[in-house]
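Hi there,

Here is the structure I promised to pass on to you. Have a look at it first, and then read my notes below.

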Amino acid sequence: MEARAIVVTSGKGGVGKTTTTANVGAALAREGEKVAVIDVDVGLRNLDVVMGLEGRVVFDLIDVLEGRCKMRQALIRDKRVENLYLLPASQTKDKDALDPKIFRAVVKHLLEDEGFDRVLIDSPAGIERGFQTAAAPAEGALVVVNPEVSSVRDADRIIGMLEAQGVSENRLIVNRLRPKMVKRGDMLGVDDVQEILGLPLIGIVPEDEAILVSTNVGEPIVIRKERTAAGKEFRNIARRIRGEDVPFPDLDPAFGFWGTVRKIFGGR
Amino acid sequence: MFWWRRKSSKQKAKERLQLVLAYDRAKLAPGQVEALKADLLEVLKRYFPTEDKEMEIAFEQRGERVVLIADIPVRS
């Protein structure tokens, strides 16, 4: 992706925006980019806990906007991943304090003066002002969608609003896919979702229990030692954002001895 | 998968989504469709006898396009 300021959004809540922001942000930093992840969900901030940095929040985004602290004082450096920084949202202040124009200037400052290569903005759910502020500085978007009717419908709405706001480089992440259910005919497949929404695909993340475990302990899954399907795909999304041609995962649920035999003989 | 199988819930989800998105994208509230139906009926009645009950109006996804389908029986 050409876009250096990317908003992570979905319309519907609970589909994995914050998890995606934390993991793609950490994975991009591990690829060598200097990354800032920004939480714009004023009053309902969560990116700090998902990343395990909640104990280090002193200043927040609104403090920066209102000049109570310097940008560098509010940015929390992640000690586990080089070049990864978090700018937390305010949990207590009035959300109207976040002005789209000033927020745009903040993101510009990070990219032009503070030497950041990429800024990921975790958007609040909904289509109101919070989302519009989050999208204001963005040149591109990661639209996170679950293969489920309400999430797809809301994503369609958000895609329309992004385009109306001039955010043009938009990519689709199908999150929490259950390959077995798709194969059984009980879940929308990636091709269905893509056909309906008409956005280029950049990631297919399978449902993975390891995500909840990583949130429990406050460690993004991409920096944990164990190999997980979701962690691998989040790392691959980062590489695709950087322009690498990484094949999408083969999520055929056929596994084990008989699964392999069936596959060899071309059965289903 | 097999022709004798019932329609899968996935297929139903897709069809319902396509329909609801057709309305969403056209920025049409369901009430507006009713109003359109009443207006159409009024015009049609000037030319031939038709009844409200028999008329059906719906949006349908046809490939890339969303089309308006009006099903109007003509009494002879």
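Two residues are in contact if their C-beta atoms, placed from the backbone, lie within 7 Å. By that rule, eleven residues of chain A are in contact with twelve residues of chain B. The side of chain B that touches chain A has five nonpolar, three polar and four charged residues. Please keep in mind that this is a predicted model.

Now for the sheet in chain A. Its eight strands form an open sheet with mixed pairing, in the order β3-β4-β2-β5-β1-β6-β7-β8. Strands β3 (76-77) and β8 (201-206) of chain A stand at the edges with a single partner strand each, so one side of each has no neighbour in the sheet. Strands β1 (residues 5-9) and β6 (residues 140-145) of chain A run parallel and are joined by four bridges, and T9(A) stands opposite V143(A) in β6(A).

Helices pack on this sheet too. Helix α7 (residues 149-164) of chain A lies across β1, β6 and β7 (169-177) of chain A, and runs at about 170 degrees to β6(A).

How do α1 and α11 of chain A pack? Helix α1 (residues 17-30) and helix α11 (residues 229-241) of chain A meet at an angle of about 60 degrees, and their axes are 8 Å apart. That angle makes α1(A) oblique to α11(A), and the crossing is right-handed. On the α1(A) side, N23(A), V24(A), A27(A) and L28(A) meet F234(A), R235(A), I237(A), A238(A) and I241(A) in α11(A). The residues of this contact divide into seven nonpolar, one polar and one charged.

Enjoy exploring!

Methods
Residues are numbered from 1 along each chain as its sequence is written. Chains are lettered from A and ligands numbered from 1 in the order in which they are written. This is a predicted model: local features need pLDDT of at least 70, side-chain atom pairs count only at pLDDT 80 or more; totals for chains, interfaces and linings use all residues. Axes are lines fitted to C-alpha atoms, for helices over the stretch in contact, and angles run from 0 to 180 degrees between N-to-C directions. Helices (H or I, at least four residues) and strands (E, at least two) are DSSP runs, numbered from the N terminus. Angles under 35 degrees count as roughly parallel, over 145 as roughly antiparallel, 65 to 115 as roughly perpendicular and the rest as oblique. A crossing is left-handed if the near helix is turned anticlockwise from the far one by less than a right angle, and right-handed if clockwise. Ala, Val, Leu, Ile, Met, Phe, Trp, Tyr, Cys and Pro count as nonpolar, Asp, Glu, Lys and Arg as charged, and the others, Gly among them, as polar. Two strands pair if DSSP finds at least two bridges between them.
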